[in-house]
Amino acid sequence: MLELKTTGGSQIEMQDILPMVDMRQVLFSIFILMLVIAALLLSGCHQDDDSSENSEPADDDDVADDDTSDDDTVADDDTIADDDTFPDDDDDDTADDDSCLQPGADCTLGETAADAGIFVGAAVPSDPEDPRLSLVSAHFNSLTAENAMKWGELSYHLGDYDYTTADALLAFAEDNGLRVRGHALVWGKYPGHGYPADLETLIGQSPDPYAFVQTAIADHVATVVGRYAGRIESWDVVNEPLSSVGTQFDPNPFYLAMGADYIAAAFMAAREADPDARLFLNEYFLVYDTPKTDALLDLLEDLLAQGVPIDGVGIQGHLFVSEPLPERLHRFLTAIEALGLDIELTELDVAKNVLWDDMLNGQTLFEAQADAYDLLAAACFDVASCTGLTVWGIDDSRTWLDELFPFNLFAPNNPLLFDRDLAPKPAYFAIRERIAEAFSR
Ligand code: XIL
């Protein structure tokens, strides 16, 4: 069986990858041969504005149930934790003379973000000695461990923890004044990576799966969030609770044992372990006004109405150059903000449209990416509660897309902000200028 190797050394099998591959990606791979032949005969394929996001009718598993929210929602006012790693505390939003927000300022992306009071980060590999980490400390003001803080990476066997890599990455961030987003406490994908390899077997052996999972989540979250309390500014507490497409909950081991209660259980344990950390629900979307986005908003209302301590929503953003769809993203972000929640774009990478170079409309890939990243940054920072964005990798020489089917068929995907020579790409400057523009108004 085809296997992917994670950076932490555990194996990811094809069958685990497939459920997260969205419908359109599957269609791409199914039709690739047909389209390659067609591409030889035809020219001028045109971009289809929307994706094939499924619009399955709701059923009993649907997120949007009859729970209604009331006025007692627990929207936490804490927008951004004011810890030592928080950038510039300037009350005044206007640019000082020497500010990186001034036109023509010669600042890094991270310095510009700091002057704007927001975070711009990169996901880093599980190697604290990787020389490319120096790019992160030089150019960003936030860091996410791409893999090293996931449950199954910290704890391949339930209850046995090895913090070596996570501790080293956190120390690196602290030494360099980088804010840290913790990713991800409870993620129901990839046994041995997203969660412990033996978890499902142990659940199966338990006479009371609900209680077993409830205890496992409570222990894990208390252990890890407690260990790093005060040092990790925000956590992705629950990652990808919804199915890749449609409106249903992802039928992962946590959901199968506890139903949607596992989400509240994780957030409550995290709040108890570190009352000051901002707690995020992180989710994946292709486009932003689909049944899935409605399902997320329903879920958030429901959690808030129950008093679940959730502070923000992470929106992943693994996209193609044609996809940012800024109006839709703006509407979605505004709807999340209206619930009193913070927002971060947590996993940006922008790959080329896999088959049609002419979708670049005469631009080079790097130019089209710059426009796409610019639209994403503009949509984010147009909404006051959007506190940051993170790119899912450092430079184009290593991206998860080049390892993941079907994107690996199209490698190199080159989706990041630095090229293979470790030079900043046009997208880097586009985000920097967008931040300066948005925060000097
Ligand atoms: C990916 C990593 O980038 C890969 O290195 C790893 O093999 C699998 O996980 N959504 C998420 C991230 O929330 O944790 C995933 O990261 C990408 C999709």
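Reader: With which residue does Arg278 form a salt bridge, and how far apart are the closest N and O atoms?

Author: The partner is Glu233. In this predicted model, the closest N and O atoms of Arg278 and Glu233 are 2.8 Å apart. A side-chain nitrogen of Arg within 4 Å of a carboxyl oxygen of Glu counts as a salt bridge.

Reader: Which parts does the pair tie together?

Author: Arg278 lies in strand β7, residues 278-283. Glu233 lies in the loop between α8 (209-227) and β6 (234-239). The pair therefore ties together parts that are 45 residues apart in sequence.

Reader: Are Arg278 and Glu233 buried or exposed?

Author: Apply the cut-off: buried means under 20% relative accessible area. Arg278 has 2%, so Arg278 is buried. Glu233 also has 2%, so Glu233 is buried as well.

Reader: How many salt bridges does the structure hold?

Author: It holds 20. Another one of them joins the side chains of Asp374 and Arg434, at 2.7 Å from N to O. Asp374 is in helix α13 and Arg434 in helix α14 (residues 426-439), so this pair links parts 60 residues apart in sequence.

Reader: What about Glu403 and Arg398?

Author: Their side chains meet in a salt bridge, 3.2 Å from N to O. Glu403 is partly exposed, at 31% relative accessible area. Arg398 counts as buried, at 17%.

Reader: Which residues do salt bridges with shared partners join into one network?

Author: The network consists of Arg179, Arg181, Glu233, Asp236, Arg278, Asp342 and Glu344. Arg278 and Glu233, the pair we began with, also form a salt bridge with each other.

Reader: Now empty space. How is it found?

Author: A probe the size of a water molecule is rolled over the atoms, and this shows where empty space is left. Here, a search of the whole structure finds four cavities of 30 Å³ or more.

Reader: Which residues line the second largest cavity?

Author: The lining holds Cys100, Gln102, Pro103, Gly104, Ala105, Cys107, Thr112, Arg432, Glu433 and Ala436. α14 gives the most to this lining, with three residues. α14 is also the helix that holds Arg434.

Reader: How do the residues of this lining divide into nonpolar, polar and charged?

Author: Five are nonpolar, three are polar and two are charged.

Reader: Last check. What pLDDT does the protein chain average?

Author: The average is 82, and 76% of the residues score at least 70. Over residues 1-61, pLDDT stays under 50. The model has 106 contacts beyond four places in sequence for residues 1-61. Over residues 64-93, pLDDT also stays under 50, and the model has 53 such contacts there.

Methods: Residues are numbered from 1 along each chain as its sequence is written. This is a predicted model: local features need pLDDT of at least 70, side-chain atom pairs count only at pLDDT 80 or more; totals for chains, interfaces and linings use all residues. Side-chain values use heavy atoms; hydrogens and water are left out. Helices (H or I, at least four residues) and strands (E, at least two) are DSSP runs, numbered from the N terminus. Buried means under 20% relative accessible area, exposed over 50%, partly exposed in between (1.4 Å probe, protein chains only). On a 1 Å grid over the protein atoms alone, a cavity is a set of points where a 1.4 Å probe fits but cannot get out, and a pocket is an open set with protein on both sides within 12 Å along at least five of seven lines; lining residues have an atom within 4 Å of a point. Grid points are joined across faces, edges and corners, and a volume is the space filled by probe spheres set on the points. Ala, Val, Leu, Ile, Met, Phe, Trp, Tyr, Cys and Pro count as nonpolar, Asp, Glu, Lys and Arg as charged, and the others, Gly among them, as polar. pLDDT is the predictor's confidence in each residue, from 0 to 100. Contact means heavy atoms within 4.5 Å.
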